[in-house]
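Please open the structure in a viewer and keep the selection tool at hand.

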Amino acid sequence: MHLDLMDGRVGDRDTAGLTYGLPVVNGGSSSADRCRWSALIAGRRLWVLAFAAFFVMGAAWATAAPYNGVADEINHAQHAAGVGRGEFIPVKASQAEGAGAFHHVKAGLTKTDLCWQGIPRESADCAAEPDGDQTLVRVHSYAGRYPPAYYAVVGWPLALWPGWGGVLTARLLSAALVSLFLAFAAHALLRWLRHPMMTAAVLVAITPITLHFAGSINPAALEIAAGLALFAGLVALLFPREPVAPRAALVLAGISAITLVIVRPFGPLWAFVIFGVLLVPSSRAVLRRVFALPMVRLWVAGLAAACVAALTWIVLMGTGERGWVSPVDLSTIGALKFELIQRLDEYPRQMVGVLAWLDAPLAGPSYVLWFMAFGLLYCSGLALGTWTQRWRLIVLTLVTFAVPIVGDTLGARTYGLVSQGRYVLPIAVGLPVLAAYALGDRAVFVGGAARSVTRLLAVPLVLIHFGGLINTMIRWQYGIPGFPKAQHIDPFGGDWIPPLGPYLPVALGTLAVGLMLAYAWAASAEASKNSLHVGGVGRSIPAHVPANVPD
């Protein structure tokens with residue numbers, strides 16, 4: 001018996017006795033076999049296309065950015081280099097030393113200056129770059145107390161090659177890891193749910209900030225991707241669908257949940273929120289059905305062990321200990337007022353993308369267009385969904401905004417106002433997914449209408465990714481002059497030049513646009529072809545299944 005995450009098969013049949021929605025009768029006819037193989041090939045082609053699109057855009061960011069060009073990259077790189085050398089449990093730094101931890105890394109990774117970060121008018125030309133110096137030195141990393149799992153994967157090139165070769169290899173490894181989770185999430189939502197607006201939900205959920213961080217040495221993007229993949233797996237397992245979810249959905253949910261828990265200190269909280277939002281309104285019958293699946297108890301035990309390990313690490317390493325921070329002199333009520341009046345609108349923009357060191361906003365109407373696409377899904381799902389679907393959307397929305405607001409309100413005098421919108425993206429990515437599921441149940445967009453709407457949304461969303469890349473390259477290479485000076489528009493020049501030249505990231509970004517649009521076109525066509533809404537609200541079956549197939 002084998003299990004394939006690509007097509008959701010266990011052996012030759014899924015748990016409903018159906019293969020891609022085709023009834024198995026007397027071993028299956030040759031026509032059924034042809035349809036099955038056609039669906040299998042189409043599914044794998046779409047997975048490869050999705051992976052390639054996300055990875056190439058991540059690679060564009062990886063080759064475009066200066067060292068430490070993305071927030072806190074040098075701290076994560078030094079932690080990764082230390083873990084790559086085998087220092088899995090580093091020596092903790094005291095609060096007076098800035099918290100974090102100490103590592104022994106090669107000096108080539110330590111030579112940088114914070115001379116342009118947060119100063120938009122300055123280019124990255126003023127900073128030192130990784131030079132390959134093999135001298136072993138002791139360094140302090142603010143990220144040194146983070147769990148070592150992610151850093152063990154991306155850290156070995158940094159331990160071997162402390163120059164641009166190691167940095168670029170580590171970034172590409174990170175981009176590949178993130179792209180794997182994003183591709184499996186997209187595959188699960190399209191192939192296992194067959195709700196026609198799921199492709200649009202994927203495009204809305206994967207914002208520029210996610211792929212921006214995917215091309216850097218930072219576990220933030222992996223955390224976001226694991227959150228999206230966990231939503232995809234659990235929605236396929238818990239929500240009504242025909243045929244019932246393949247066992248591969250359980251594997252995806254299990255791997256994603258464990259990954260989410262162990263990569264960053266807030267992972268256990270995000271997993272708790274996702275499971276809570278999706279499980280609490282579920283009926284006992286649904287829970288009994290899920291827990292009756294083979295291996296489910298082993299996955300639950302594995303997740304419990306991961307949670308215990310993560311919480312033990314957090315407590316023993318003191319990941320929340322205050323280091324060098326900038327507390328503000330605001331009362332609790334004053335901090336709450338400040339959050340609600342002056343910062344609330346910042347969080348959605350940061351979820352879409354305020355790039356580099358929060359000093360490279362997206363250009364033009366990018367935010368408005370992204371919010372319009374999100375609003376189409378969210379408001380329609382909220383208005384037309386069932387009461388349970390509305391409950392999930394409302395609760396997840398409230399938690400998404402409550403975490404940064406309450407955190408800053410209570411910690412203003414201790415840590416300062418440190419929350420950012422991207423911190424809550426591991427749970428916020430579920431909002432378009434839940435909304436698209438509600439729309440699929442209500443048959444709001446089906447067939448050609450769903451295909452047209454998805455493609456209409458895809459064009460501006462994909463171009464916003466490319467525009468963010470070009471705009472941020474210009475910020476790194478020239479700086480952004482203050483008013484009233486005109487901004488540069490040429491990404492091929494500047495005071496600082498990317499290590500492999502500016503033409504490669506622009507070419508990769510252009511290729512990524514083509515791949516992402518190709519995925520959107522192919523996936524929307526597949527969803528339109530395979531989804532037929534029949535028998536009233538809430539029943540979607542593949543179009544090639546005869547209508548008289550028994551439930």
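**First stop: a cysteine**

Select C379, which counts as partly exposed because its relative accessibility is 49%. The terms used here are as follows: buried means under 20% relative accessible area, exposed means over 50%, and partly exposed lies in between, with a 1.4 Å probe and protein chains only. Next select C307, which is also partly exposed, at 22% relative accessibility.

**How to read the model**

This is a predicted model, in which local features need pLDDT of at least 70, side-chain atom pairs count only at pLDDT 80 or more, and totals for chains, interfaces and linings use all residues. Residues are numbered from 1 along each chain as its sequence is written, and side-chain values use heavy atoms, with hydrogens and water left out.

Colour the chain by pLDDT, the predictor's confidence in each residue, from 0 to 100. The mean pLDDT of the protein is 87, and 87% of its residues reach 70 or more. Residues 9-29 have a pLDDT below 50, and this stretch has 49 contacts in the model beyond near neighbours in sequence. Residues 532-551 likewise have a pLDDT below 50, with 38 contacts beyond near neighbours in sequence. A contact means heavy atoms within 4.5 Å.

**The disulfide**

How many disulfides does a search of the whole structure find? The search finds one, a disulfide being a pair of cysteine sulfur atoms within 2.5 Å. Select C115 and C126, whose sulfur atoms are 1.9 Å apart in this link. The link of C115 and C126 is right-handed, with 95° about the S-S bond. Both C115 and C126 lie in the loop between strand 6 (101-106) and strand 7 (136-141), so the pair ties together parts that are eleven residues apart in sequence. Helices (H or I, at least four residues) and strands (E, at least two) are DSSP runs, numbered from the N terminus. C115 is partly exposed, because its relative accessible area is 22%; C126 is partly exposed as well, with a relative accessible area of 36%.

**W357 and its surroundings**

Move to W357, in the loop between strand 8 (354-355) and strand 9 (360-361). Which residues is W357 in contact with, leaving aside its neighbours within four places in sequence? They are N68, G69, V70, A71, D72, L114, W116, Q117 and G118. The C-alpha atoms of W357 and G118 are separated by 5.7 Å, although these residues are 239 residues apart along the chain.

**Salt bridges**

The structure holds twelve salt bridges, each defined as a side-chain nitrogen of Lys or Arg within 4 Å of a carboxyl oxygen of Asp or Glu.

Select R171 and E73, whose side chains meet in a salt bridge at 2.8 Å, N to O. This pair links distant parts of the chain, with R171 in helix 5 (residues 164-193) and E73 in helix 2 (residues 73-84), 98 residues apart. Both R171 and E73 are buried.

Then select E526 and R191, which meet in a salt bridge at 2.4 Å, N to O. Here E526 belongs to helix 20 (residues 503-530) and R191 to helix 5, and the two are 335 residues apart. E526 and R191 are both buried.

Continue to R413 and D329, a salt bridge in which the closest N and O atoms are 3.8 Å apart. R413 lies in the loop between helix 16 (387-411) and helix 17 (425-428), and D329 in the loop between helix 12 (296-317) and helix 13, so the pair ties together parts that are 84 residues apart in sequence.

**A residue in helix 7**

Select T210 in helix 7 (residues 208-214). T210 is buried, because its relative accessible area is 1%. Not counting residues up to four places away in sequence, T210 touches A221, I224 and L425.

**Last stop: L344**

End at L344, in the loop between helix 13 (332-343) and helix 14 (346-352). L344 is partly exposed, with a relative accessible area of 31%.
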